[in-house]
Amino acid sequence: MPSPASPPSQPRQPDHVVIVGASLAGLEGARALREEGFAGPLTIVGDEQEPPYDRPPLSKAVLSGWVPADHTFLPRLPPNGTKTSWRLGSPATRLDQAAREIVLADGERIPYDKVLIATGVRNVPWPDQEQAGLAGVLGVRTQPDAALLASLLNQGPARVVVVGGGFTGSEIASGCRHRDIPVTVIERGEAPLAGALGGVVGDIAADLQRSNGVDLRSGTTVESLEGSGGKLRAVTLSTGETIEADVAVLALGAIRNVEWLADSGLAVSPLGVATDAGCRAIGVNGLVTDDIFVAGDVSRFTHPLFGYEFLALEHWENAVVGARVAAHNMICAPHDRRPHVCVPTFWSTQFDVNIKSVGVPPLASEIIMTQGSPQAGSFAAAYGNEQGRIVAAVTFNHGRYLDYYRQLIEQAAPLPDPFTADLPGKPRPARFPHPAAPAYPYHGPTVVVTGHSPTEMEAVRVAGGPAGRSAQ
């Protein structure tokens with residue numbers, strides 16, 4: 001009589017896990033590891049001195065004066081004796097796969113059994129360092145950035161200039177108007193939010209800004225930041241006009257923090273670190289690693305819903321869900337691994353309007369208003385690709401039905417007809433800018449499908465082109 005089958009063996013727990021990146025994704029990864037039963041040594045590396053904090057409130061609640069910047073810290077990890085250690089204020093400079101070590105800027109080498117990369121993004125810098133160093137010129141990415149800007153706004157500047165009309169720039173403009181501070185928004189593209197949501201929605205966002213007293217300059221660039229005595233005095237535009245200002249906020253988009261991985265042997269590009277659907281890093285040899293995982297804004301992962309193309313996005317939910325999937329897969333049995341397949345979602349609050357999106361808007365060639373009224377400032381719109389499939393949706397003060405659109409996207413459903421009788425029944429071009437256009441927005445999309453190559457974005461979608469694609 002055959003002996004009964006033995007129970008499957010439990011996976012061997014890693015001896016030491018290192019998380020590089022002490023922000024939302026890094027903290028969520030650490031929390032998930034402990035919740036899933038990992039009891040071994042855990043080291044968390046961060047380039048900032050502060051413990052992990054939440055970034056979305058920095059350009060929302062903090063600038064509106066509702067919350068101090070130092071009240072945005074994330075909940076700490078539960079106590080775990082001496083098995084959780086923090087290395088804050090010393091960024092990682094190298095991942096040495098051969099030695100299985102993380103090298104820090106101060107020379108310390110931290111051995112790892114498994115590692116989670118969650119180094120996120122940083123702001124695109126102003127090209128002139130002397131101009132960027134003027135007092136009153138700053139970006140908003142870190143807690144000290146937000147605290148400084150809130151302090152400057154408390155002083156009642158005569159005018160603030162915001163360079164970049166993406167979500168962050170628009171939220172900063174909203175915070176200024178909430179305080180009744182004059183603000184000018186300079187946007188190289190045709191409208192605010194056009195890079196993320198297309199020109200049709202961008203026009204609505206432009207009307208929203210102007211109706212709230214923003215001096216919006218679309219199709220315009222900043223030539224220089226002018227100073228006197230080390231302080232900002234004015235901003236010169238491409239039109240030749242000079243705008244006097246005490247504060248200039250640079251909201252030019254983000255750069256993924258991947259330089260420290262240049263000789264790591266991983267498939268790394270300016271779009272992030274390539275991974276499979278289970279958050280495992282892909283090497284330059286095309287092989288998937290079993291000991292290196294990636295999560296958050298720095299991750300570029302294959303998504304089954306989009307033909308297993310690589311998806312790069314900068315979303316709060318992606319950081320949380322991706323980190324938890326990575327942590328699970330890091331310590332589970334191979335047959336129990338999970339894919340990171342959530343549909344991207346994003347939200348923003350500006351000028352008392354709650355904006356939410358789901359899916360990948362830049363994947364679309366057309367848009368149709370489906371609910372509510374754009375004129376009344378409360379509506380839903382669906383985005384479709386050239387095959388007539390819904391790929392995204394956006395709502396302005398109309399987020400109640402967003403889950404319905406998420407389900408349509410997950411089902412690869414056809415683009416829906418309007419549910420409100422007096423809306424136009426036909427879709428129209430969504431008017432997403434081509435990345436090679438001279439007037440490409442200062443802000444890019446926060447989520448983009450980037451092709452099948454793990455090391456570069458080999459194709460971009462252009463509405464009206466053959467199958468929506470054009471070689472770059």
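Biologist: Hi! How many bridges join strand 22 to strand 23?

Modeller: Hello! This is a predicted model, by the way. In it, strand 22 (residues 299-303) and strand 23 are joined by 4 bridges, and the two run antiparallel.

Biologist: Which residue stands opposite Thr302 there?

Modeller: That would be Phe310, in strand 23.

Biologist: And how many residues lie between strand 22 and strand 23 in the hairpin?

Modeller: There are 5 residues between them. Look at Gly307 in the turn: its phi is positive, about 65°.

Biologist: Which other strand does strand 23 pair with?

Modeller: Strand 30 (residues 447-449) pairs with strand 23 over 3 bridges, in the antiparallel sense. You can find Leu313 opposite Val447 of strand 30.

Biologist: Nice. Let's change topic to Gln371. Where is it found?

Modeller: Gln371 is in strand 26, which spans residues 366-373.

Biologist: Is Gln371 buried or exposed, and why?

Modeller: Gln371 counts as buried because its relative accessibility is 11%, and the cut-off for buried is under 20%.

Biologist: What does the side chain of Gln371 make a polar contact with?

Modeller: With the side chain of Tyr405, at 2.7 Å.

Biologist: Which residues does Gln371 touch, not counting those up to four places away in sequence?

Modeller: Tyr405 is on that list too, along with Ser378, Phe379, Ala380, His398, Tyr401, Phe419, Thr420 and Leu423.

Biologist: Tyr405 again! Is it buried or exposed?

Modeller: Tyr405 is buried, with a relative accessible area of 1%.

Biologist: Let's talk about aromatic rings, then. How many aromatic pairs does the count come to?

Modeller: The count comes to 6 aromatic pairs. One of them is Phe379 with Phe396, which is stacked, at 4.8 Å centre to centre with 20° between the planes. That pair links distant parts of the chain: Phe379 belongs to strand 27 (residues 378-384) and Phe396 to strand 28 (residues 390-396), 17 residues apart. Both Phe379 and Phe396 are buried.

Biologist: What about Tyr404 and Tyr405? What kind of aromatic pair do they form?

Modeller: Tyr404 and Tyr405 are edge-to-face, with 5.5 Å centre to centre and 75° between the planes. Tyr404 is partly exposed, its relative accessible area being 37%.

Biologist: Which residues form an aromatic cluster with Tyr405?

Modeller: Tyr404 and Phe419 do; together with Tyr405 they form one aromatic cluster.

Biologist: How far is Phe419 from Ala173, C-alpha to C-alpha?

Modeller: Their C-alpha atoms are separated by 33 Å, and the two residues are 246 residues apart along the chain.

Biologist: Where is the place of Ala173, then?

Modeller: Ala173 sits in helix 4, residues 167-178. With 0% relative accessibility, Ala173 counts as buried.

Biologist: Which residues is Ala173 in contact with, leaving aside neighbours within four places in sequence?

Modeller: Ala173 contacts Val162, Val183, Val185, Val214 and Phe351.

Biologist: How many bridges join strand 5 to strand 6?

Modeller: There are 3 bridges between strand 5 (residues 101-104) and strand 6, which run antiparallel. For example, Glu101 has Pro111 in strand 6 as its bridge partner.

Biologist: Over how many bridges do strand 13 and strand 14 pair?

Modeller: Strand 13 pairs with strand 14 (residues 231-237) over 6 bridges, in the antiparallel sense. Val222 has Leu237 in strand 14 as its bridge partner.

Biologist: Great, thanks for the tour!

How values were computed. Residues numbered from 1 in each chain as written. Predicted model: local features only at pLDDT ≥ 70, side-chain atom pairs only at ≥ 80, totals over all residues. Heavy atoms only, no water. Buried < 20%, exposed > 50% of the residue type's maximum accessible area, 1.4 Å probe, protein only. Polar contact = N/O pair within 3.5 Å; in protein donor to acceptor, adjacent residues only side chain to side chain. Contact = heavy atoms within 4.5 Å. Pairing = 2+ DSSP bridges. Phe/Tyr/Trp six-rings, centres within 6.5 Å; stacked < 30°, edge-to-face > 60°.
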